[in-house]
Amino acid sequence: MSIVTVQLGQCGNQIGHEVFNAICGDIRGTHGLCSKKENESYRDACKERFFSEEESEVPVARAVLVDMEPKVISQTLSVAARSGYWKYDDRSHFCQKQGSGNNWANGYSVHGPRHKEVIMNLVQKEAEKCDRLSGFFTIMSMAGGTGSGLGAFVTQCLRDAFPTSFILNHVIWPYGTGEVIVQNYNSVLTLSHLYQSSDALLVHENDVIHKICAQLMNIKQISFRDVNQVIAHQLGSVFQPTYTAESGLHYSRNPLGDLMESLVPHPEFKMLGLRNIPQMPENSLAYSTFSWPGLIKHLRQMLIANAKMEEGIDWQVRPPRLGSSIPSSHSTNKPLHFNTSIANLVILRGKDMHSVDLGSFRDPSLYTSWLKPQDAFNAWKTPRAFNKYEKSVSLVSNSQFLLKPLDSVAGKAWNMFASKAYIHQYTKFGIEEEDFLDSFTALEQVISSYAIL
Amino acid sequence: RSGGDGADIYKGKICSLKARALLIDMEEGVVNEILQGPLRDVFDSKQLITDVSGSGNNWAVGHKLYGYQYRESIVEKLRKTAEHCDCLQCFFIIHSMGGGTGSGLGTFVLNLLEDEFPEVYRFVTSVYPSGEDDVVTSPYNSVLAMKELNEHADCVLPIENESLFDIVNKIHQMVNSGKLGSTVKQNSLVTSSAGSAKTVQEKPFDAMNNIVANLLLNLTSSARFEGSLNMDLNEISMNLVPFPRLHYLVSSLTPLYTLADVNVPSRRLDQMFSDAFSRGHQLIQADPKHSLYLACALLVRGNVQVSDLRRNIERLKPSLHFVSWNQEGWKTGLCSVPPVGHSHSLLALANNTCVKPTFIEIKDKFMKLYKKKAHLHHYLHIDGMEQSCFSEAISSLSDLIEEYNELDATKGGPRIDPSRLKIAV
């Protein structure tokens with residue numbers, strides 16, 4: 001089954017491009033470190049998922065590019081084509097000239113309705129190219145105007161037009177100290193609206209990825225391209241083909257469906273965080289060896305202690321003792337900083353992954369009590385190594401990972417809203433104070449739900 | 001192509017470009033000079049509105065008399081220019097506040113733009129009269145114009161000649177001290193070669209104007225060139241104007257240079273950021289560091305990456321005062337293409353209470369004249385001018401100053417975050 005990617009705004013298009021690059025680079029390489037048959041299976045599964053083979057010499061990405069100004073799309077299309085390894089469909093893009101001005105209301109209430117038909121036509125065309133459509137993967141930032149506002153509108157349209165398809169929104173959390181002054185307003189509006197139409201929100205925080213680039217990748221002058229490449233690697237580690245428990249001897253055919261089934265048991269809880277280890281500069285890879293027990297141990301502690309990367313993990317944090325009869329929703333015996341999970345998914349890529357013991361992730365004390373431990377945890381595997389890492393493991397987690405960032409954004413936005421600053425810029429395009437209040441209420445509800453886990 | 005709208009920016013030929021511009025003056029001298037100078041092919045000689053006698057440094061003559069007289073002609077030529085645009089995003093109005101034409105007719109045009117093109121942004125670059133300015137009536141003209149700017153402009157970039165003069169002097173010192181830097185063929189379209197040869201004692205207007213030109217170039221760079229984080233003109237208005245009337249932005253440029261003096265050495269990157277916040281780089285006589293920031297934008301050009309930007313914001317933030325509801329109020333943009341002859345540059349735009357002294361000064365000068373009713377008759381005998389025009393204008397300015405006062409009063413005070421919504425569990 002295939003995934004159609006919708007790239008929205010500058011961020012969405014820049015990242016989308018790096019994602020297809022990473023995926024293509026991965027299947028092209030000879031570093032799969034597995035049998036030829038395995039490699040071929042993997043490649044075929046990947047191609048079906050992300051590329052269509054038309055009468056072109058190179059695979060064509062299953063993607064729709066949308067932006068309200070022309071420069072980024074123009075660049076994205078030409079750089080991809082120049083690579084010689086893959087390209088976008090030349091007709092599968094839509095842009096305007098004046099941008100959204102970082103204004104969510106402009107993106108949502110003006111550009112959205114105005115261009116709905118054209119955009120949905122492009123999406124329909126891409127969907128029709130798929131033998132079977134698994135669903136949609138949208139990439140957007142929350143901070144600006146197009147990705148956030150138009151993105152929220154498009155997600156709604158996707159939900160209306162494709163009621164049985166899965167929708168996964170990849171959302172970029174801006175730097176805390178600001179890229180856009182009204183980013184907190186845009187974020188609150190985006191998150192509250194996405195929650196209504198999306199199946200799940202997979203989040204990457206710029207601050208976190210920036211730290212990874214600085215401390216793990218040793219990059220001195222970090223550019224957005226560096227940040228985007230790390231993000232692309234992490235996304236690739238989730239979406240490249242794997243074997244799930246159900247798929248048996250074939251690569252799983254429904255990645256989005258499997259993801260939702262494993263991780264989103266309840267519509268109130270849609271925030272997914274992602275961790276991927278190891279992460280290091282490419283020229284260090286040759287000198288490093290990894291053991292599965294070591295990687296699993298680190299990843300588990302990263303989950304429990306809410307560590308954003310493989311450095312500076314707090315090993316003092318321990319899961320609470322089970323056996324106390326206090327109900328989990330008002331539990332006070334949880335040590336501070338312990339990250340409670342609803343559900344987790346671990347993805348193993350590399351040889352000998354059969355032998356890996358994942359019992360520590362099945363520990364009931366990590367989870368809320370709603371799901372049976374065997375349902376709360378899932379694992380996907382493949383012996384095929386990913387993107388030059390001999391062994392790598394990813395964790396997609398529906399847990400309290402994003403509680404603090406959510407709370408922080410809501411707090412800052414509320415602070416600004418109380419002074420009414422910038423509100424006139426939104427009311428100019430039809431988003432009123434009541435709309436803001438509705439969004440704040442929705443978001444506080446989500447925060448509260450995650451907080452009392 | 002030239003700045004002034006958001007039309008398509010695919011690579012175009014450099015020949016046969018016509019400026020999307022309208023040149024308006026009630027005297028012919030300046031416009032004629034332009035049309036005979038090196039830029040004569042850039043301007044369309046039909047896109048002119050001139051007269052012969054000038055406005056006599058009288059806002060009322062500019063606004064009421066010539067406004068009424070030339071309204072139709074102006075609208076017609078504006079429409080013509082607008083028709084040539086695929087997508088008209090914004091108008092740049094460039095004028096001075098102290099005279100009669102720029103100030104009076106200029107603000108008349110501003111009103112007109114709002115009526116005829118309500119959805120198009122109006123950015124105004126206004127040159128405010130300097131301390132030793134020799135036009136007696138400049139306070140009247142400035143205050144009358146301020147009312148119009150308050151009510152009809154989306155964004156105003158105030159400029160003071162004193163600041164430009166100081167900057168030009170600084171450049172001369174740097175150039176003459178013999179420090180070498182990269183050199184570029186003199187391809188200046190904007191300065192005449194006479195500009196840089198003038199001695200420091202004379203007012204080097206060409207060099208000074210060049211700085212304002214650079215301001216506008218940097219402002220539009222992200223709309224014209226690619227970058228990893230684009231910042232368009234409508235984003236500037238969105239992020240830097242928290243309340244409709246507080247739309248005065250203090251600008252600063254680094255490195256300091258004019259197009260004619262391109263062998264100024266490049267400064268270390270971090271130094272460039274520090275300079276942008278120093279007094280000597282601001283284009284008005286103001287010190288934003290010691291006043292209150294409502295919002296700040298940084299547009300960087302050249303080989304500068306997001307980590308450089310973040311590092312410098314972290315470094316400079318502690319020494320700056322931001323309003324309580326916008327503690328992390330930074331808008332940033334990264335444009336890959338640096339200005340000619342430089343490896344990088346930075347434009348900082350601040351919505352900061354440090355504009356207040358400039359406004360207070362105009363108000364005080366106005367009151368000095370107004371109390372004695374000096375020169376008032378020159379204004380009041382113009383059709384459409386009444387005493388109420390003056391009282392409304394000064395009232396508008398006073399209100400604006402008061403808004404800044406109220407904000408300043410919050411500076412350094414205790415920070416009380418409003419309580420969040422409570423959700424029933």
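The briefing below covers the cavities and their linings.

This is a predicted model, in which local features need pLDDT of at least 70, side-chain atom pairs count only at pLDDT 80 or more, and totals for chains, interfaces and linings use all residues. Residues are numbered from 1 along each chain as its sequence is written, chains are lettered from A in the order in which they are written, and side-chain values use heavy atoms, with hydrogens and water left out. Across the whole structure, a search finds seven cavities of 30 Å³ or more (a cavity being a set of points on a 1 Å grid over the protein atoms alone where a 1.4 Å probe fits but cannot get out, with lining residues having an atom within 4 Å of a point; a volume is the space filled by probe spheres set on the points, which are joined across faces, edges and corners).

**Largest cavity**
- The volume of the largest cavity is about 480 Å³, and of the 37 residues that line this cavity, A:Gln10, A:Cys11, A:Asn102, A:Gly144 and B:Leu229 are the closest to its centre.
- H1(A) gives the most to this lining, with four residues (helices, H or I, are DSSP runs of at least four residues, and strands, E, of at least two, numbered from the N terminus).

**Second largest cavity**
- The second largest cavity has a volume of about 170 Å³, and A:Val208, A:Gln234, A:Leu274, A:Arg275 and A:Lys308 are the closest to its centre among the 21 residues of its lining.
- E10(A) supplies the largest share of the lining of the second largest cavity, five residues.

Terms used: On a 1 Å grid over the protein atoms alone, a cavity is a set of points where a 1.4 Å probe fits but cannot get out, and a pocket is an open set with protein on both sides within 12 Å along at least five of seven lines; lining residues have an atom within 4 Å of a point.
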